[in-house]
Amino acid sequence: AGALEGLRYLGCRRLLEVDCSDVENHYREVLQNFAMQGILSENYDYLHGGLGVVAYYLDDTPFVNRALEALERTAEKTGTAWKWVSSLGTDRGTGYNICLSHGMSSIVSVLSRADGAGIDRARRDRIVTGACEYILSQEIDPQRYGNFFPGQSLENDPEHPVYFSRLGWCYGDLGVAAALWQAGCALRNDRWCAKALEVLRGTSRRRELAPNGIFDAGLCHGAASVALMYHYMYGQTGETLFAETRDYWIGETLRMGRLEEGLAGYGAWHGVEYGGWKREYGLLEGIAGIGLMLLAALANDPKSDQWMRFFMLH
């Protein structure tokens, strides 16, 4: 689905002349079956599971409605809050995840775009509302903990909850805020939009690297990812604080490009236990994504930001 999305984008932008309709038709049933099986078996994950396929086929109304039915069926409902069990990563078992890359914020973000003719809007709205209410139930005191939301869910280990969350696209306040903003706009919920802006304004003051979990520049969880989120929100709101915060993190991104053995000076930090610095070319952690973010900042034109849909920023 990711490869097809990339080809579709290049074709729409007239950067590549390619007809991949035969490939798309060949894999449609396989991909959609994978998505449904994933959602029904606790793998709704945007990057690795069902939601990434749903995002690609948002124009396929019958399929989207089937996915909505599966998401509603698998939700754990407690009052107005809905939550979904998913994998928490290697050797961490299953639990509840509110982040954007792998968790419930991605459900909110993807479904906020599901607004085509024939979509079961009532069911879509129930799911988005339930997910947003659960995410908001996880809010913590930023004055005490330094961030508004934990990285995953406080329920995963009630006796030893982890309150810290990193600064970046994948986990933490920025992804949660973007999802709440999108849901608020789609469902006309001013409370969610206001909370998103409060989080983003507060998070703009977090400008240290290591204490915020930033060790490289990639779009997943590096300095460019923070620039990406504020670039997106500046485009949404025109708020000058967001442009200034974006520019600060662009400066940090440029300063990181000094690794002698890197690619254009950049490397991706995988941690000591996973080999330290690695050369990455790709969009998520490598120089392709960093380059796109730098070009977006230079262009400063919403028409040039369509590639950000790969990151659910639309």
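Here, a residue counts as buried when its relative accessible area is under 20%. With that in hand, welcome to a few close-ups of this predicted model.

**View 1. Arginine 123 and glutamate 72 meet in a salt bridge.** Their side chains come to 2.6 Å, N to O. This pair links distant parts of the chain, with arginine 123 in helix 6 (residues 121-137) and glutamate 72 in helix 4 (residues 61-74), 51 residues apart. Both arginine 123 and glutamate 72 are buried; for glutamate 72 this is because its relative accessibility is 13%.

**View 2. Glutamate 72 also meets arginine 126 in a salt bridge.** Here the N to O distance is 2.7 Å. Glutamate 72 belongs to helix 4 and arginine 126 to helix 6, so the pair ties together parts that are 54 residues apart in sequence. Arginine 126 has 37% relative accessibility and therefore counts as partly exposed.

**View 3. Arginine 124 and aspartate 125 form a salt bridge of their own pair of side chains, at 2.7 Å from N to O.** Arginine 124 is buried, at a relative accessible area of 4%, while aspartate 125 is partly exposed, at 28%. Salt bridges with shared partners join Glu72, Asp120, Arg123 and Arg126 into one network. The structure holds 17 salt bridges.

**View 4. Tyrosine 9 and phenylalanine 310 are an aromatic pair.** A search of the whole structure finds 10 aromatic pairs. In this one, the ring centres of tyrosine 9 and phenylalanine 310 are 5.7 Å apart and the planes stand at 70°, so the pair is edge-to-face. Tyrosine 9 sits in helix 1 and phenylalanine 310 in the segment after helix 12 (287-299), so the contact ties together parts 301 residues apart in sequence. Tyrosine 9 is buried, with a relative accessible area of 14%, and phenylalanine 310 is buried too, with 19%.

**View 5. Tyrosine 230 pairs with phenylalanine 242.** Their ring centres lie 5.7 Å apart with planes at 50°, so this pair is tilted. Tyrosine 230 is in helix 10 (residues 223-237) and phenylalanine 242 in helix 11 (residues 240-255), so parts 12 residues apart in sequence are tied together. Both residues, tyrosine 230 and phenylalanine 242, are buried.

**View 6. Two charged side chains sit over tyrosine rings.** The charged end of lysine 83 is over the ring of tyrosine 96, 4.4 Å from its centre. Arginine 207 lies over the face of tyrosine 248, at 4.7 Å from the ring centre.

**View 7. Leu15, Leu16 and Val18 form a nonpolar surface patch.** Together they have about 260 Å² of accessible area. Leucine 15 is found in the loop between helix 1 (2-12) and helix 2 (21-40), and is exposed, with a relative accessible area of 57%.

Conventions. Residues are numbered from 1 along each chain as its sequence is written. This is a predicted model: local features need pLDDT of at least 70, side-chain atom pairs count only at pLDDT 80 or more; totals for chains, interfaces and linings use all residues. Side-chain values use heavy atoms; hydrogens and water are left out. Patches are made of residues with over 30% relative accessible area and no salt bridge: like charges are joined within 9 Å, nonpolar side chains (Val, Leu, Ile, Met, Phe, Trp, Tyr) within 5 Å. Accessible areas come from the Shrake-Rupley method with a 1.4 Å probe; for residues, only the protein chains shown count as cover. A salt bridge is a side-chain nitrogen of Lys or Arg within 4 Å of a carboxyl oxygen of Asp or Glu. Helices (H or I, at least four residues) and strands (E, at least two) are DSSP runs, numbered from the N terminus. Buried means under 20% relative accessible area, exposed over 50%, partly exposed in between (1.4 Å probe, protein chains only). Rings of Phe, Tyr and Trp (its six-membered ring) pair if their centres lie within 6.5 Å; planes under 30 degrees apart count as stacked, over 60 as edge-to-face and the rest as tilted. A charge sits over a ring if NZ of Lys or CZ of Arg is within 6 Å of the ring centre and within 35 degrees of the ring normal.
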